Amino acid sequence: MAVLKIILTLAIALISWPILNLLKYYIEARSVGLPIAISPIGFTNPILIIFQKSLIPFFKSLPFGLGDWNVYSGFGSIFANRYRLHAKHGPAYLVVTPNEIVFFVDDAELAEEILSKRKDLIKSDALNKALNLFGTNVVTNNGDDWARHRRITTPPFNERNSNNIWKVSLAQTTGMLQSWTSEGKNGVTKTAKDTMTLALHVLIAGGLGKSYSFSGGVATLAEGHTMSYRDALKIILLKLTPAVILGSLPPIPSFILTKKMKEINLAVREFRSHMNQMIEEERVRVDKLDSEKDNLLTALVRASNAASQGKERSGLSHDEIMGNLFMYNVAGHDTTANTICYAIYLLAAETDYQDWLREEIGSVFQGNDTVETWEYEKAFPKLKRCLALMYETLRLYPPVVFIPRYTGTRSVTLKLKGKEHTLPPKTDVIVSVGSLNTTPKLWGTDSMSFRPDRWISQTGGSKIIEHEELKPIPTGFFPWSVGPRSCPGKKFAQVEFVAVIAHLFRKHRVKAVMEPGETMEAVKKRLFDVIEDSALEVTIKMNHPEKVQLVWEEQA
Ligand code: HEM
Ligand SMILES: *[C@@H]1O[C@H](CO)[C@@H](O)[C@H](O)[C@H]1NC(C)=O
């Protein structure tokens, strides 16, 4: 009898604990004075994160609307819903779960204010856990530590580097295009994979001072390794949450681990060893180098030396060096690679925009037939349609679909349309980039359409391409964020994207292989379906880019 009583009490406690928490958070959230939605599962619930692709469809299929709350749950929902939830609840609303209160904003002014307050609205440890896999870094720190990481790691990414990024991007594209055209009429299904390799090579050359050819480099197995640099990083990126969970467990005998788990553990070990090797190689060279020309790797090694000499303000610990090296590898290639990949698929669907781009590229480069003669300073500022394509791609498929902040130990008061609202401590504050980027409030009735020319205006009356300008960026469009913590790689990414696109579309066209009897309309729809079938995996990615074959042909 007594045993039964204990079991029952425990069962009731287990069920009621989340309910009591939900109630507590609900009462707190009421005091904010904004609309509230409820999700019975917390946002960082590891089961939800790992199984979201199968769980969300399951919740959706429940009868009587029992699973309707699924639209609020998980950060992936910000991409899936775009502007719809804010259209329903207004520019700011709260979601209450058993684990947290989450405050969502798509008001342009309030969003920019939130991003300007780096001291009141910080990065939360709960959301950062995954990104700290190898050590804390510039993305995950707050306060003075953040300032130290930012001061040490960002100078190598300034304008001085742009010329180099331009050249490396062009050279990598030559290799990628050769591999694509050589597939002929069969087309390629590896666009996503190849753009990742290209962007990783550009990052490693631009940020770490190592150059590789497109077909070799990070994809090949280096001596003393059982997994290549690229593959190790790719596996970690696709399985970041399981990697972190596995890493936090006490050592597990390997016969219990599944094949996938062993692969994740190996990837983490191998990537750590690749990074250690790079750092040790750089340590030998660093004293002979001019600090004015530091790349990220040199800057990190100097910071490691400073730390060992007790200079705390300019130093980084070994874990912090590993943390930043990993973080820049991730932030510096995954984002740009996906933007290039989405742009290619969108152009394969809307082929007229390829001619629109080619018109500009031709007018900028005239008779400069070999890309080796293309000059960054001369060409980049003129390639406005190419940059407009980047903005439009980032608008619809932003790699960073939400920007997370946290109130921490104190409450924070914010003003929305002149009225004050006080957020309780430990509230997640989420800038809904995915909503801001698609809301008809900012973009009009065709906000969901891909229209890169929406960014271009004609000046001087006549329809001459040289008279075109990029329109001013509207308040509320910040794919690289704004304020003190905005992206230090913005220009890097722009130079890379524009160089790759200008090279690809100067003389070539891309189209999808059509199925027997398929109409142009049908193939376009098939492409858009593949593009829209995207999900949040650290950044936004297509689930099945390999479902379409893309053919690259030289333009007659
Ligand atoms: C299209 C490409 C890119 C996009 C859309 C993008 C977007 C962003 C966004 C939205 C943030 C703010 C995140 C937050 O506050 O939570 C950010 C931060 C950051 N990005 Fe990028 N990024 C891109 C490329 C790059 C590149 C090429 C690099 C490195 C070379 C880079 C390095 C970083 C770093 C280190 C931070 C953290 C800054 C801080 O917290 O102080 N990003 N990026
Ligand atoms: C074209 O090439 C010439 C040198 O061959 C160079 O001076 C010029 O800047 C190039 N134009 C562009 C737009 O890159």
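## The second largest pocket

Fourteen residues line the second largest pocket, and those nearest its centre are Leu177, Asp369, Val371, His503 and His508. A pocket is found on a 1 Å grid over the protein atoms alone: it is an open set of points where a 1.4 Å probe fits, with protein on both sides within 12 Å along at least five of seven lines, and lining residues have an atom within 4 Å of a point. The space in this pocket is about 270 Å³; a volume is the space filled by probe spheres set on the points, which are joined across faces, edges and corners.

Two helices, α8 (162-181) and α21, each supply at least two lining residues, and α8 gives the most, with four. Helices here are DSSP runs of H or I with at least four residues, strands are runs of E with at least two, and both are numbered from the N terminus. The lining has three nonpolar, six polar and five charged residues. Ala, Val, Leu, Ile, Met, Phe, Trp, Tyr, Cys and Pro count as nonpolar, Asp, Glu, Lys and Arg as charged, and the others, Gly among them, as polar.

## Basis of the model

This is a predicted model, in which local features need pLDDT of at least 70 and side-chain atom pairs count only at pLDDT 80 or more, while totals for chains, interfaces and linings use all residues. Residues are numbered from 1 along each chain as its sequence is written, chains are lettered from A and ligands numbered from 1 in the order in which they are written, and side-chain values use heavy atoms, with hydrogens and water left out.

## The iron atom

Which residue is the only protein donor of the iron atom of ligand 1? The donor is Cys487, through SG at 2.2 Å. Donors are N, O and S atoms within 2.8 Å of the metal (3.2 Å for Na, K and Ca); water is not among the atoms, so sites may look incomplete. Cys487 sits in the loop between β9 (468-470) and α21 (490-507).

## Two domains

An automatic or database assignment sets the domain bounds: domain 1 is 22-131 + 404-436 and domain 2 is 149-398 + 437-554. Contact, meaning heavy atoms within 4.5 Å, joins 29 residues of domain 1 to 34 residues of domain 2.
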